[in-house]
Amino acid sequence: MKLVIIDTGCANISSVRFAIERLGYAVEVSDSPERIRAADKVFLPGVGAAAAAMEQIRDKGLAELLPQLSQPVLGICLGMQLMTRFSEEGQAQCLAMIDTDVRRMQVGELRLPHMGWNQIQAEQNSKLFRGIEDGSYFYFVHSYAVTVGNHTLSSCEYGGRFSASIGQNNFYGVQFHPERSGPVGARLLDNFIQLCD
Amino acid sequence: MLARRIIPCLDVKEGKVVKGVQFRNHEIVGDIEPLAESYARSGADELVFYDITASSDARVVDKSWVSRVAKVIDIPFCVAGGIKSVADAGRILEMGADKISVNSPALANPELITQLHDRFGQQCVVIGIDSFYDQQSGLYQVKQFTGDEKRTQTTAWQTADWVNEVQARGAGEIVLNCMNQDGVRQGYDIAQLKSIRQHCNVPLIASGGAGDMQHFSDVFTEADVDGALAASVFHKGLIAIPELKAFLRGQGVAIRN
């Protein structure tokens, strides 16, 4: 199994790599289109601001490649947001791999960023969440989110419901950080590697 | 529901975890990685590593332990100590830390907060504040260079004003260390935390004073903080994290299981 983490130049690449290695897999970090195209599974990590990250992806010549990938791709946090059509953060045109958009969270009196451990609830029966119970806690850090819609796989509540994960065809995205979400996070990464197609 | 966080703090000095009382007389608690791993396994929600010598010594010490910690633990962690520039922060984040916490260098150069926010995003930027209640004036004052008693200074900032300033500059989280309570285990400074909470629209973490399980319950229910940080009660085995979390759940506090 060839696993590749796309080198977006973002900050959480090491922790994603370590989490996959803790599961016992070898994984490569690369921004080479050939290496990414040849992978069995692709991870798109990311933290930071959407517009800046899109600029880096364009600079690396990956903006055309990523939507064309036919193998499973898992976007993590900002990586997930970049898979949508558009992010309100910096009015960024994104990769349009999943037909939805990212909006600033409207949480009323609550604090932003939404930071910490929160519970997810399944909205669809997805292989990504096999063996993971409703109400499991995952680690979130974000101020923008995808509203609940057709592509929502699981949801989370913080001043309103939003998509904790989304999916369309071979593209999957999680708003939380599975690499920092203890045993359930490890299970989700393993599900992606073993079960998703 | 978003859970309140229990955050063991590991003070690091010359590559070992240490603990002092009111910032003095540091004693060695143990090695970094096994402690980090055991806290993660016992249910800690997050870890903070403070390199307590770095800022006051005007140097950036060896931080290779950051990537060794990132390899072994599966919960988020934050690194503080001697981060004076965007480049310093970038190195720590690349090694696998989830957040960086800045204290004295942000006081010396508040523009650093803006730069860190613009480069890495708000979610990475934690501001640590050492706040001291001065009985004579009745004011909460921000202190600088608290890692070294001889160099500790009182700044011109009152705590609430500095809290407003760092948020305006893009801080994503604030750790408020109430110095009068640090290491004495008499309870968190509820009055101060409650008052700062009103100025703080980002996550607020309480630090200083945890002595028993009721103190954690009090700080969550009375001061509405997002997380509670503690060191000695965990390092000395006075409170076990699984018991603490069961106790808090029993008190109706939202806690990760």
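These are my entries, going from whole chains to single residues.

**Ground rules**

I am working with a predicted model, where local features need pLDDT of at least 70, side-chain atom pairs count only at pLDDT 80 or more, and totals for chains, interfaces and linings use all residues. Residues are numbered from 1 along each chain as its sequence is written, chains are lettered from A and ligands numbered from 1 in the order in which they are written, and side-chain values use heavy atoms, with hydrogens and water left out.

**Entry 1: chain A as a whole**

I looked up the secondary structure and found six helices and 13 strands in chain A. Helices (H or I, at least four residues) and strands (E, at least two) are DSSP runs, numbered from the N terminus. The radius of gyration of chain A is 15 Å, close to the 16 Å that the globule rule gives for 197 residues, so chain A is as compact as a globular protein of that length.

The C-alpha atoms of chain A fill a box of roughly 45 × 35 × 30 Å along the principal axes. I also noted that 62% of the 197 residues of chain A count as buried. Buried means under 20% relative accessible area, exposed over 50%, and partly exposed in between (1.4 Å probe, protein chains only).

Next came contacts, meaning heavy atoms within 4.5 Å. Among those in chain A between residues at least 6 apart in sequence, 69% join residues at least 24 apart. Chain A exposes about 7300 Å², and carbon and sulfur atoms supply 43% of that area. Such areas come from the Shrake-Rupley method with a 1.4 Å probe; for residues, only the protein chains shown count as cover.

**Entry 2: chain B as a whole**

I repeated the look-up for chain B and found ten helices and twelve strands. A compact globule of 257 residues would have a radius of gyration near 18 Å, and the 17 Å of chain B agrees with that. The box around the C-alpha atoms of chain B is roughly 45 × 45 × 40 Å, and 60% of its 257 residues count as buried. The accessible surface of chain B comes to about 9800 Å², with 46% belonging to carbon and sulfur atoms.

**Entry 3: aromatic rings**

How many aromatic pairs are there over all chains? My search of the whole structure gave 15. Rings of Phe, Tyr and Trp (its six-membered ring) pair if their centres lie within 6.5 Å; planes under 30 degrees apart count as stacked, over 60 as edge-to-face and the rest as tilted.

One of the pairs is F43(A) with F192(A), edge-to-face at 5.2 Å centre to centre and 70° between the planes. F43(A) lies in strand β3 (residues 41-44) and F192(A) in helix α6 (residues 182-195), so this pair ties together parts of chain A that are 149 residues apart in sequence. Both F43(A) and F192(A) are buried.

I then checked F140(A) and F176(A): their ring centres are 5.6 Å apart and their planes are at 80°, so the pair is edge-to-face. F140(A) is in strand β9 (residues 137-142) and F176(A) in the loop between β13 (171-174) and α6, 36 residues apart. F140(A) is buried at 0% relative accessibility, and F176(A) is buried with 0% as well.

**Entry 4: charges over rings**

K41(A) lies over the face of F192(A), 5.8 Å from the ring centre. In chain B, the charged end of K143(B) sits over the ring of F132(B), 4.9 Å from its centre. The test is NZ of Lys or CZ of Arg within 6 Å of the ring centre and within 35 degrees of the ring normal.

Is S155(A) buried or exposed? S155(A) is buried, at 0% relative accessibility, and its place is in strand β11 (residues 152-157). Its side chain has a polar contact of 3.0 Å with that of R161(A). A polar contact is a pair of N or O atoms within 3.5 Å; within protein, one must be able to donate a hydrogen and the other to accept it, and residues adjacent in sequence count only if both atoms are side-chain atoms.

F138(A) lies in strand β9 and is buried, with a relative accessible area of 0%. Leaving aside neighbours within four places in sequence, F138(A) is in contact with residues including W117(A), F129(A), F176(A) and S181(A).

S181(A) is in the loop between β13 and α6 and is buried at 1%. Beyond four places in sequence, S181(A) is in contact with W117(A), Y137(A), F138(A), Y139(A) and, from chain B, D74(B).

Notes:
The radius of gyration is taken over C-alpha atoms; the globule rule is 2.2 Å times the number of residues to the power 0.38.
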